[in-house]
Amino acid sequence: MCHEKVPQNIPELNVEEPVLFYHSQSFYSQKVLLVLYEKNINFLAYEVNVAAGEQYTPWFLDLNPKGEVPVLKIGSLVVPESAQIINYVERNFQQEPHRRLLPRDLMPQQEKKILRLSNLISKLPIGTISMGSFIHADFSPNPKPPFIAPVRRALVTSDRVMSNQLKCYAKDNPIYAEVLLRKSDFYARKRDIICKRDDYVKLLGRLEEILEEIENELRSHGNADWWLCSSHFTLADCCLGILLYRLYALGLEDYLWGKRPHIGAYFARLYARESFLRAIPSRISTLRTMWNKTPANYKLGVGLLSASSVIAAVLAMRK
């Protein structure tokens, strides 16, 4: 077997409410969490141990053959992937106490804009952007926990071998081999984009184009109480809020919105919103991720998780 010892059978979760299988540091999990909290949906959260490869065990592959979080399970219904989950809950949880992320009182042009911007943001290859920032570190001089050295180096190393690791998982799980091998090929292609600086610069340029459109949209409102497209916090805000948080955590904020003051003000407003604070990782969760991703020699005291470093990390997360 390629993976470490993790639960081989689906956990017994005898509950009636929805169950979200997620990971606290997953960009797509965070987006779904924000949507669920905004819509006032009660759910049970099960954090998948991705560091140990739990997402590639047979029970999880039965839920999502791609081995990816998040997955929403409601009784016998299984909804994988963030876009499908968000679409499902928006369609099926519209009555009180749930709120719509596409409110009925929107003007047609507002709803069209919300859907278009949400789609633009959702198509961004956030994994490639994230990993590329680790390799081309001059773009992100101020990363936040957990994306700091030596965790960055550990993540780069893990990503480098992921294509071969997925082939190993495919061998362990022949029923899902075709899907896992396609994912292996994707990781191999992604490495080319990540490692080539010119390709990564082009990717950041595309991201800047989207952020510039968002900056112009925010500037056009003339009302400090508005969110991205209206006075309502909508689907577009869920997408943008988590995107900005990931870029901030990577340390890309100065490069990407240092000259975009309206985005900066928007991002600051998010921290006054309870649903956003609940969706982003807690300090304990972030420290746990740092520990799991830190090489053993650093754990022995020469680096990241010495007592002083832990204190510094906690202080940094308070900012």
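I count two strands as paired if DSSP finds at least two bridges between them. With that settled, I looked up the partner of valine 71 in E4, and the bridge partner is proline 80. The model I am reading is a predicted one.

**Entry 1. Overall content**

I began with the inventory of the protein chain, which has 15 helices and 4 strands. I then looked up burial, and 51% of the 319 residues count as buried. For contacts with a separation of 6 or more, I noted that residues 24 or more positions apart account for 71%.

**Entry 2. The sheet**

I traced the strand order next. The 4 strands form an open sheet in the order E2-E1-E3-E4, with mixed pairing. At the edges I found strand E2 (44-47) and strand E4 (77-80), each of which pairs on one side only. I recorded an average twist of 20° from one strand to the next.

I went through the pairs one by one. E1 and E2 run parallel and are joined by 4 bridges. E1 and E3 pair in the antiparallel sense over 3 bridges. Strand E3 (residues 71-74) and E4 also pair in the antiparallel sense, over 4 bridges.

I then followed individual residues across the sheet. Phenylalanine 21 has tyrosine 46 as its bridge partner in E2 and valine 71 as its bridge partner in E3. Valine 71 in turn has proline 80 as its bridge partner in E4. At the other pair I checked, isoleucine 74 stands opposite leucine 77 in E4. The hairpin of E3 and E4 has 2 residues between the strands, and in this hairpin glycine 75 takes a positive phi near 60°.

Which residues of E1 are buried on each side? I found Val19 and Phe21 on one side and Leu20 and Tyr22 on the other, all buried, and I noted that both faces of E1 are covered.

**Entry 3. Helix H3 against the sheet**

I looked up what H3 touches. Helix H3 (residues 82-92) packs on the sheet and touches strand E1 (19-22), E3 and E4. The direction of H3 makes about 125° with that of E4. The buried residues of H3 are Ser82, Ile85, Ile86, Tyr88, Val89 and Glu90. I found that these buried residues pack against E1, helix H1 (27-38), E3, E4 and H9.

**Entry 4. Helix H8**

I turned to the record for the H8 segment. UniProt lists residues 197-224 as "coiled-coil region" in an unreviewed entry. In the model, I found that this span is 89% helix and 0% strand, and its end C-alpha atoms lie 38 Å apart.

How do H8 and H11 cross? The axes of helix H8 (residues 197-221) and helix H11 (residues 261-270) come within 8 Å and cross at roughly 80°. Angles of 65 to 115 degrees count as roughly perpendicular, and H8 and H11 are therefore roughly perpendicular to each other. I listed the contact residues as Leu211, Ile214, Glu215, Leu218 and Arg219 of H8, with Pro261, His262, Ile263 and Tyr266 of H11. The residues of this contact divide into 6 nonpolar, 1 polar and 2 charged.

An α-helix has 3.6 residues a turn, so residues three or four places apart point the same way.

Glutamate 54 is found in the loop between E2 and helix H2 (58-63). I noted a relative accessible area of 2%, so glutamate 54 is buried. Glutamate 54 and glycine 67 are 13 residues apart in sequence, and their C-alpha atoms are 8.6 Å apart in space.

Leucine 124 lies in the loop between helix H4 (108-122) and helix H5 (126-135). I recorded 7% relative accessibility, so leucine 124 counts as buried. Leaving aside neighbours within four places in sequence, I found leucine 124 in contact with Tyr28, Ile129, Leu207, Ile210 and Leu243. The C-alpha atoms of leucine 124 and isoleucine 210 are separated by 9.7 Å, although the two residues are 86 residues apart along the chain.

Threonine 234 is found in the loop between H8 and helix H9 (235-250). I recorded 0% relative accessibility, so threonine 234 counts as buried. Not counting residues up to four places away in sequence, threonine 234 touches Leu101, Pro103 and Ile114.

Technical notes
Residues numbered from 1 in each chain as written. Predicted model: local features only at pLDDT ≥ 70, side-chain atom pairs only at ≥ 80, totals over all residues. Heavy atoms only, no water. Axes fitted to C-alpha atoms, helices over the stretch in contact; angles between N-to-C directions. Parallel < 35°, antiparallel > 145°, perpendicular 65-115°, else oblique. Contact = heavy atoms within 4.5 Å. Nonpolar A, V, L, I, M, F, W, Y, C, P; charged D, E, K, R; others polar. UniProt positions renumbered as here; feature names shortened; annotations may be inferred. Buried < 20%, exposed > 50% of the residue type's maximum accessible area, 1.4 Å probe, protein only.
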